[in-house]
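Hi,

Here is the structure I promised to pass on.

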Amino acid sequence: MSTNSELQQTISDMVDDHRGILAADESLPTITKRFAAIDVEASEENRRAYRALLLDTPDLGKYISGVILFEETLGQQDDSRTPLPKVAWSQKIVPGVKVDKGKGPLPGAPGDLITYGLDGLGERLEHYKQQGARFAKWREVYPISRHNPTRMGRHANAEMLARYAAVCQEKGVVPIVEPEVLMDGDHDIDRCASVTEHVLHSVFHALHLHGVSLEHMILKPNMVLPGKDCRRADPEEVAEATLRILKRTVPAAVPSINFLSGGQGPEEATANLNAINQLKGNAPWQLSISYGRALQQPALHAWLGKAENREKAQQALLKRARLNSLARQGKYDPSMENSDA
Ligand SMILES: O=P(O)(O)OC[C@H]1O[C@](O)(COP(=O)(O)O)[C@@H](O)[C@@H]1O
């Protein structure tokens, strides 16, 4: 198969009008934090058992079309010794992998951050492909302050995303491009809108310069939201601001925009996605999810590290996946949270 048809096949398997992506790729520090909240040790076996539970969830493939895995999960198996990427694909959930290596300060731009991991990426991708990964994900993070992100920071972060995406496509791997403007701070929604507009503009400029095929990538942006320490915005306000900025910056060639959940609660993230889809009009892209916390939090708290809670945890994951599938079609109502129907 040519690289282009390989990329197109992966996009076709991942993008439709009712499913979304599950982010289960927490790095070691992040999964340790999540497990600490339920008093569970982040041992390799616990990480395997938890992620096997998620991927084994009956019917998950009805609502989820792709799963982002952490590198180690690609090599792990479920209880019946089936490799976890194979478990995902048995439900037509395309397995993918987070390929960035975390972040640190960007020299010369105090307050800005930069992500590591480009060295040797091509060879790593070849190995991940053999393990079953068909797409990849890379996240650049933009904190907001009075002075951040700087112009230099935006430029440097965009370059990283574009170089990563170009290497992926060369290897026949679909890149998820994730520029995340953080919710931390007391800035208002207008400040988030203005920063997100600058960020997305610089990202698409860099993608163009590096010859990335927009038809064969997925964008994973933040929604436009007020900072955590500012007053909350209602879903209609979030939807209006998010769509305004996306329409100004994201070319129609991009097949799908899959939001991250950031610091939003599970129900808030579903309600905001629903409002975005109700207001989208003739927007050219699919508008879906690539949620981590907002899909997993109820499942994690139902599991509590105990094998006897496995089914309860799977039901909690399936409920969030199903409600987000409805929200993705603009058919969600908060009253559905209380019914099992
Ligand atoms: O552990 P990391 O690399 O900081 O990433 C944390 C999470 O952030 C995400 O990029 C977005 O997830 P959220 O929806 O929880 O914000 C996930 O893909 C990832 O698991």
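The ligand is surrounded by 16 residues, with Asp25, Ser27, Thr30, Lys98 and Ser261 the closest; a residue counts as near if one of its heavy atoms lies within 4 Å of the molecule. By class, that shell holds eight charged, five polar and three nonpolar residues. Here Asp, Glu, Lys and Arg count as charged, Ala, Val, Leu, Ile, Met, Phe, Trp, Tyr, Cys and Pro as nonpolar, and the others, Gly among them, as polar.

Before going on, please note that this is a predicted model, where local features need pLDDT of at least 70, side-chain atom pairs count only at pLDDT 80 or more, and totals for chains, interfaces and linings use all residues. Residues are numbered from 1 along each chain as its sequence is written, and side-chain values use heavy atoms, with hydrogens and water left out.

The side chain of Thr30 has an N or O atom 2.5 Å from an oxygen atom of the ligand. For Asp25, a polar side-chain atom lies 2.7 Å from a ligand oxygen, and Lys137 also places a polar side-chain atom 2.7 Å from an oxygen atom of the ligand. The protein covers 92% of the 480 Å² of accessible area that the ligand has on its own (Shrake-Rupley method, 1.4 Å probe).

Now to the aromatic rings. The whole structure has four aromatic pairs, meaning rings of Phe, Tyr or Trp (its six-membered ring) with centres within 6.5 Å; planes under 30 degrees apart count as stacked, over 60 as edge-to-face and the rest as tilted. Phe35 and Tyr50 have ring centres 5.6 Å apart and planes at 85°, so this pair is edge-to-face. Phe35 belongs to helix α2 (residues 28-36) and Tyr50 to helix α3 (residues 44-55), 15 residues apart; helices are DSSP runs (H or I) of at least four residues, and strands (E) of at least two, numbered from the N terminus.

Finally, the backbone. Most residues other than glycine have a negative phi, and most peptide bonds are trans. Lys92, not a glycine, has a positive phi of about 65°, and is found in the loop between α5 (84-89) and β3 (94-98). The peptide bond from Asn148 to Pro149 is cis, with omega near -5°.

Best wishes

Definitions and conventions:
A polar contact is a pair of N or O atoms within 3.5 Å; within protein, one must be able to donate a hydrogen and the other to accept it, and residues adjacent in sequence count only if both atoms are side-chain atoms.
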